[in-house]
Amino acid sequence: MSIKAAYDGPLEKVNDYCWRIPKSYREGMRVDGLIFADEALLEHIREDQAPEQVANVAFLPGIQHASLAMPDIHWGYGFCIGGVCATDPEEGGVISPGGVGYDINCGVRLVRSNMFYQDVKPHLERLMDQLFAHVPAGVGKGGRFHFKAKELKHLMTEGPAYLKKYDAATDGDIAHTEAHGCLQGAEPDRVSQRALTRGEDQCGTLGSGNHFMEVQIVEAVYDDVAARAMGLEKDMVCVMIHSGSRGLGYQVCDDALKRLRGVPEKYGIHLPDRQLACAPIDSKEGQEYIGAMGAAANFAWCNRQLLMHQARLAFEKALGKPWQSMQMNLVYDVAHNIAKFETHTTGGKERKVWVHRKGATRAFPPNHPETPDLYKRIGQPVIIPGDMGRASFVLVGQQGSMEQSFGTTCHGAGRAMSRTAAVKASQGRKIEEELRARGVIARAHSWRGLAEEQPEAYKDVNLVVEVVHQANLAKKVARMKPIGVVKG
Amino acid sequence: MYEIFEHTADLGLRVEAPNLEGLFAEAGRGLASMMVANLDQVQPLQVRELTLPGLERDYLLFDWLTELLYIFDTERLLLVDFDLQIHESGLHAVCRGETLDPARHWLDHEVKAITYHHLKLEPTSTGWQAEVIVDI
């Protein structure tokens, strides 16, 4: 099979926004595959093997309901990006590092302010210079924070709450972070020395690739009540941060995949792709990964917390006011590469399942016990980064997510062009100037990075968000427009 | 010889060589070329010896590239020149390179990880070829 081949298997229409790969498609599938998309997106989705990967995930022992994919689905390693799968330990369910991804707890946070576009516009160049100077970014760039092994263990056990002692986190920040930035059951002792070495100077660094820090304005409000609850108004200046667990998390995934060589066979698990490597949740190997993954997830929340802290300091320096007086409060922080033990109802039965979200975001509805008090009535905020020229979105989770997708929605736009194609398409152009003409000031460490991440390299996030809105997984609250970008 | 090929969100590395030792050495250079745009400016000033166990050739290639990535990530040491011996139970390599100097070396991609995705190592009519996709 060529790795460029298009998918030619079945995709049956369930409704305008959902398509089925029936479990009869391939022997060994335990459940159907379900892809949330409209007809236009489906045409793109068929172009590679991502739907085949949705079918492959349906082979995993203990999988419940269906192997799911969000409209920003694209081809990944074993699991597609945009994939969701829930496994029940009581039915021999497995945990799979491939269902989380290399960048454990890659995610996004949104910070609001009390300033509007016209307040910041005259100072924007200076602000971007300060952000670029304050926020370490780029290939393997070490940061200003160095944590020795003992402190790293605190970060991995306690999450951002540990950073309060350095005045780098507040109670409000913690309350508005998914899981309070602290997965229970994290076991730092399961994290290898190699991972600790890679992580020691990377907490509070952006990295490169698709990670970014953007200054944005609220361009449109779709839901006044929800926007007000989050403190968002039209033209308001916000900061969006996209990063993950850096080298520490990559190494945890790497270690786990190596540890799992031969393990599925040991437990009699037949897999159609070795990148689906997994272990029964209750096995020694499964528990080891769960402990290490939790530790890396907590580290990632600390990373985004320190990135936000440095952004607040950069705003202070550029605008000459304390961040508190600019009311730079965290709206919310969501993980989009993670596995979590949650309660869901499937087949008429309430169960505790391990929900793997790989390039997919939790989207709990109003009144869910895990939604913070401030957002109880509106639903959990969901932050969807788009591309650096067009838009990003703020949504809130809806009841349909609990009924259809284990409380999950999409995570972004998804790439439309490969990195090499994007660089080719940028020959003879000046991406930085093009962005400036669109009203976006970019600061990047690498021109190639900027070319690879140009707006045209991504699908239109509007199309993706429209599907999850129509499918009642999450509701549109606001569209954000970038005015400044920091890239690695 | 090595070449970089497209993969939607990431990059692929395709390598060909008349023998396994050459294949591993070219793969190492190919990986370095993803991380630094002007590889010809990296001098073989420092020496590092590596010994890796492994019975299966494809996993050994994976472990080899992972080790080079780890060394770069934690020590900023770019290894670009390799003298390898591959035997039944693993490999031994004398690697040469230098510490990254941002003034002279143009940093390119941050490679997060080597993946098992379509990891391929096979004999051809003229020697060996391998393909590996790296996570960017």
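Predicted model: local features only at pLDDT ≥ 70, side-chain atom pairs only at ≥ 80, totals over all residues.

User: Where is Asp235(A) found, and what is its phi?

Analyst: Asp235(A) sits in the loop between helix 8 (224-230) and strand 9 (237-243) of chain A, where helices (H or I, at least four residues) and strands (E, at least two) are DSSP runs numbered from the N terminus. Its phi is positive, about 75°, although Asp235(A) is not a glycine.

User: What makes chain A as compact as a globular protein of its length?

Analyst: Chain A holds 16 helices and 19 strands. Its radius of gyration is 21 Å, close to the 23 Å that the globule rule gives for 488 residues, so chain A is as compact as a globular protein of that length; the radius is taken over C-alpha atoms, and the rule is 2.2 Å times the number of residues to the power 0.38. Along its principal axes the C-alpha trace of chain A spans about 65 × 50 × 50 Å, and 66% of the 488 residues count as buried.

User: What surrounds Asn298(A), and which backbone oxygen lies 2.9 Å from a polar atom of its side chain?

Analyst: Asn298(A), in helix 11 (residues 284-319) of chain A, counts as buried at 0% relative accessibility. Leaving aside residues up to four places away in sequence, the residues that Asn298(A) touches include Leu155(A), Met156(A), Gly181(A) and Cys182(A), where contact means heavy atoms within 4.5 Å. The backbone oxygen in question is that of Met156(A), 2.9 Å from a polar atom of the side chain of Asn298(A).

User: How do you know that Arg443(A) and Asp129(A) form a salt bridge, and what does the pair tie together?

Analyst: A salt bridge is a side-chain nitrogen of Lys or Arg within 4 Å of a carboxyl oxygen of Asp or Glu, and the closest N and O atoms of Arg443(A) and Asp129(A) are 2.8 Å apart. Arg443(A) lies in strand 18 (residues 441-444) and Asp129(A) in helix 4 (residues 124-134) of chain A, so the pair ties together parts that are 314 residues apart in sequence. Arg443(A) is buried, with a relative accessible area of 13%, whereas Asp129(A) is partly exposed, at 41%.

User: Which residues are linked in a network of salt bridges?

Analyst: The network links Arg415(A), Arg419(A), Glu452(A), Glu453(A) and Lys487(A). The side chains of Arg419(A) and Glu452(A) meet in a salt bridge at 2.9 Å, N to O, and both of these residues are buried.

User: How do you know that chain B and chain A meet, and how many salt bridges does the rule find across their interface?

Analyst: In this model, 34 residues of chain B are in contact with 41 residues of chain A. The two chains bury about 3,500 Å² between them, 51% of it on carbon and sulfur atoms, buried area being the accessible area (1.4 Å probe) that two parts lose on being put together, summed over both. The rule finds eight salt bridges across the interface; the side chains of Asp58(B) and Arg274(A) meet in a salt bridge at 3.2 Å, N to O.

Technical notes
Residues numbered from 1 in each chain as written. Chains lettered and ligands numbered in written order. Heavy atoms only, no water. Buried < 20%, exposed > 50% of the residue type's maximum accessible area, 1.4 Å probe, protein only. Polar contact = N/O pair within 3.5 Å; in protein donor to acceptor, adjacent residues only side chain to side chain.
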